[in-house]
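Here is a short briefing on one protein model and its ligand. Please keep the sequence and the 3D view open while reading.

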Amino acid sequence: MPIIIDINKCTGCGACVYTCPFAALELLSEKAKVKEESCNLCRACLDCCPEEAISLMEQAAEMEAAAGERDKPTAEAADVWVFAEQRDGKVVDVVYELLGEGRKLATKLGQKLVAVLLGSNTAEAVTNLGERGADRIHVFDDPRLSRFADDLYTAAIVELIQNERPAVILFGATAIGRALAPRIAARIKTGLTADCTGLDIDPETRNLLQTRPAFGGNIMATIICPNHRPQMATVRPNIFKKAPAEAGRKAEVISHEVPKGANLLSEILEVVRATEEMVNIAEADVVVSGGRGLGGPQHFAMLEELARLLGGAVGASRAAVDAGWYPYAHQVGQTGKTVAPKVYIACGISGAVQHQVGIQAEQVVAINKDPDAPIFDIATYGIVGDVHEVIPALIAEIKKRRS
Ligand SMILES: Cc1cc2nc3c(=O)[nH]c(=O)nc-3n(C[C@H](O)[C@H](O)[C@H](O)COP(=O)(O)OP(=O)(O)OC[C@H]3O[C@@H](n4cnc5c(N)ncnc54)[C@H](O)[C@@H]3O)c2cc1C
């Protein structure tokens, strides 16, 4: 056997069993054992053992070197999965965006697009996922899963991954996706790229190319996970277009049960919803955003009035949020939310790159008294002027036209 396990060092932690992309390791009497017929000498297990109990026989290493390029785990791991997050039984929009992008990846890999749905009374969500392009849906329908329960969700998905061995899993970078994806990645000992803004497949290696802003948004980094499967990424909402719905399209549905030993370690006693006034800026058609140029928190009142007249929501730059002028839930940008309205109105915002990355609007209107402010670089319409004059004038004009 070319892979050697030092049983004196092996503690039976199972790290190698989770890591092996070919299911070639198992635990027998709390010691790791290699299944010779399944081992592909990919060497993923060598790096993952915390006790350094796994090594490669010299002869095998030579054979491998002679063979040139090392086998990649993509040979076995297959299919592009999307975690189908639901709230109150309704699939959240970012899932449809991931299905749209996931379809492109699956086509490039020649593999299936698969949704993983956990919830209770899931029939409607299953229909919607099928119509939005999932080829197959793994469903866990259990009253305990109606709300996000990190312990149960993690246990169910980890077991499913170990049985099915997907190549890629995508999560929305929502509060739930951001809580769940790292737990799963840690359990199965694979990599996770957070907050991706671009995804593609390398045609040569078939690795997932995961692009995200790095170093304060000044560069875009493309990250790969070549030696472990699945390749996991969270993706910000509003980055990709939703997969179109095709009425009557159906997916293959496979039902599963939550693993027996999985228990809820925490209990949700109460869910307090955000109030009506806290419009979700990520979903608004019009966002009127204020920055340091407003001069103080009291001036957000005129932005609220303008947003109300336009049926929109109020956003803020980080400078305004950090100054305590407006709540963080409204922050647009790299460390805030990505918004994709039809119209984004930036008022007294300079347009730093960290703010710009959060704007995916069809049209941008910028109001700034500095004609050289970078926000004008991305503006469809620019108004060089004082917000305290321009915004009241806009409000008055809208009211006049409406009356
Ligand atoms: C790691 C990192 C993450 C970050 N994440 C974010 C993020 O998520 N979102 C974000 O917004 N920023 C973020 N930032 C901060 C970002 O770099 C900028 O500092 C911030 O966006 C500036 O906010 P501002 O445009 O409101 O303020 P300023 O840059 O101070 O701009 C104020 C603008 O108002 C104009 N102005 C002043 N008075 C008036 C007036 N009366 N009428 C009209 N115009 C006027 C000025 O000409 C100026 O252009 C991040 C920074 C880092 C390092």
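The points below cover the model, its strands, the ligand site and some backbone details.

This is a predicted model, in which local features need pLDDT of at least 70, side-chain atom pairs count only at pLDDT 80 or more, and totals for chains, interfaces and linings use all residues. Residues are numbered from 1 along each chain as its sequence is written, and side-chain values use heavy atoms, with hydrogens and water left out.

- Strand β9 spans residues 136-141. Strands (E, at least two residues) and helices (H or I, at least four) are DSSP runs, numbered from the N terminus.
- Five of the six residues of β9 are buried. Buried means under 20% relative accessible area, exposed means over 50%, and partly exposed lies in between (1.4 Å probe, protein chains only).
- β9 pairs with strand β8 (residues 113-119) in the parallel sense, over six bridges. Two strands pair if DSSP finds at least two bridges between them.
- Within this pair, G119 stands opposite D141 of β9.
- From β8 the chain passes through helix α5 (residues 123-131) to β9, in a right-handed β-α-β crossover. Right-handed means that, with the strands pointing away from the viewer, the path from the first strand over the helix to the second runs clockwise.
- β9 also pairs with strand β16 (residues 252-256), in the parallel sense over five bridges. Here R136 stands opposite E252 of β16.

**The three-strand sheet**

- An open sheet has the order β12-β13-β14, with antiparallel pairing.
- β12 (198-201) and β14 are the edge strands; each has a single partner strand, so one side of each has no neighbour in the sheet.
- The twist averages 25° from one strand to the next. Axes are lines fitted to C-alpha atoms (for helices, over the stretch in contact), and angles run from 0 to 180 degrees between N-to-C directions.
- Four bridges link β12 to β13 (residues 208-214) in the antiparallel sense. I201 has L208 of β13 as its bridge partner.

**The ligand site**

- The ligand is surrounded by 25 residues, and the closest are S317, T335, S350, H355 and N368. A residue counts as near if one of its heavy atoms lies within 4 Å.
- An oxygen atom of the ligand lies 2.8 Å from a polar backbone atom of R292. A polar contact is a pair of N or O atoms within 3.5 Å; within protein, one must be able to donate a hydrogen and the other to accept it, and residues adjacent in sequence count only if both atoms are side-chain atoms.
- At Q331, an N or O atom of the side chain is 2.9 Å from a ligand oxygen atom.
- At G336, a polar backbone atom is 3.4 Å from a ligand oxygen atom.
- Taken alone, the ligand exposes 990 Å², and the protein buries 76% of that. Accessible areas come from the Shrake-Rupley method with a 1.4 Å probe; for residues, only the protein chains shown count as cover.

**Backbone details**

- Most residues other than glycine have a negative phi, and most peptide bonds are trans.
- A cis peptide bond joins R229 and P230, with omega about 0°. P230 lies in the loop between β14 (219-223) and β15 (231-235).
- S29 is not a glycine, yet its phi is positive, about 50°. It sits in the loop between β2 (25-28) and β3 (31-34). S29 is exposed, at 71% relative accessible area.
- D79 also has a positive phi, near 90°. D79 lies in the loop between α3 (58-66) and β5 (80-83). D79 is buried, at 14% relative accessible area.
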